[in-house]
Amino acid sequence: QVQLVESGGGLVQPGGSLRLSCTASARPFSTFSMGWYRQAPGKERELVATITSGLITKYADSVKGRFTISRDNAKQTIDLRMNNLKFEDTAVYYCNGRWDGSNYDYWGQGTQVTVSS
C-alpha cells in the first residue's frame, strides 16, 4: 500500500528558508504524481505545488518564485524548497500523491511550518 511521510517542518523567521521532504512507498513511483498542500488554522486546505510523473510543475500564485518542488525517482521522494518565507506561509503542510489516471489521493500526516519573528 501507499504511504507518504513528510519531514522538515519547523520554526523559521520571516525571510528565512526551509526544505520539506516526502518519502513515498509507491511503486512504480515513475507513474505517481505528487504535490504539497497546506492548511492554515480556520482555512481550507490549499494547493501549494504539484509535480507530475512527467515533471510538469504547478504552483499557487502566492508561492511562485519563492518555492520550488522537485522529485527524485530513484529515492522515491519529493522536496519543497521554500525561500523568503512569510507569516502567511504558516500552516500544516501535507504531502499528496495519486497514480496517473486516478482521482484518488493519498496523504501524509502533515508537518508544521511556522513563520514567526
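The model is predicted. Its largest nonpolar core has 30 residues, and a search of the whole structure finds five aromatic pairs. Four of the strands form an open, antiparallel sheet.

- At least two core residues come from each of β3 (18-24), β4 (32-39), β5 (46-51), β7 (67-72), β8 (77-82), β9 (91-99) and β11 (111-115).
- Strand β3 gives the largest share of this core, with four residues.
- Beyond its neighbours within four places in sequence, Met82 is in contact with Gly16, Ser17, Leu18, Leu20, Arg66, Phe67, Tyr93 and Val113.
- In soluble globular proteins, nonpolar side chains tend to be buried together.

**Open sheet**

- The strand order in this sheet is β1-β3-β8-β7, and the pairing is antiparallel.
- The edges are β1 (4-7) and β7; each has a single partner strand, so one side of each lacks a neighbour in the sheet.
- On average, neighbouring strands of this sheet are turned by 15° against each other, direction ignored.
- The antiparallel strands β3 and β8 are joined by six bridges.
- Cys22 has Ile78, in β8, as its bridge partner.

**Aromatic pairs**

- Tyr37 and Trp107 form an edge-to-face pair, because their ring planes stand at 75°, with the centres 5.1 Å apart.
- This pair ties together parts that are 70 residues apart in sequence, because Tyr37 lies in strand β4 and Trp107 in strand β10 (residues 106-107).
- Tyr37 has 18% relative accessibility and so counts as buried, whereas Trp107, at 34%, counts as partly exposed.
- Tyr104 and Tyr106 also form an edge-to-face pair, 4.9 Å centre to centre and with 75° between the planes.
- Tyr104 is exposed, with a relative accessible area of 53%, while Tyr106 is partly exposed at 24%.
- Phe29, Phe32, Trp99, Tyr104 and Tyr106 are linked into a cluster by ring pairs.

**Arginines over rings**

- Arg45 lies over the face of Trp107, at 4.5 Å from the ring centre; Trp107 is also the ring paired with Tyr37.
- Arg71 lies over the face of Phe29, at 4.3 Å from the ring centre, and Phe29 belongs to the ring cluster that includes Trp99.

How values were computed
Residues numbered from 1 in each chain as written. Predicted model: local features only at pLDDT ≥ 70, side-chain atom pairs only at ≥ 80, totals over all residues. Heavy atoms only, no water. Core = buried A, V, L, I, M, F, W, Y, C linked by side-chain atoms within 4.5 Å. Buried < 20%, exposed > 50% of the residue type's maximum accessible area, 1.4 Å probe, protein only. Contact = heavy atoms within 4.5 Å. Pairing = 2+ DSSP bridges. Axes fitted to C-alpha atoms, helices over the stretch in contact; angles between N-to-C directions. Phe/Tyr/Trp six-rings, centres within 6.5 Å; stacked < 30°, edge-to-face > 60°. Lys NZ or Arg CZ within 6 Å of the ring centre and 35° of its normal.
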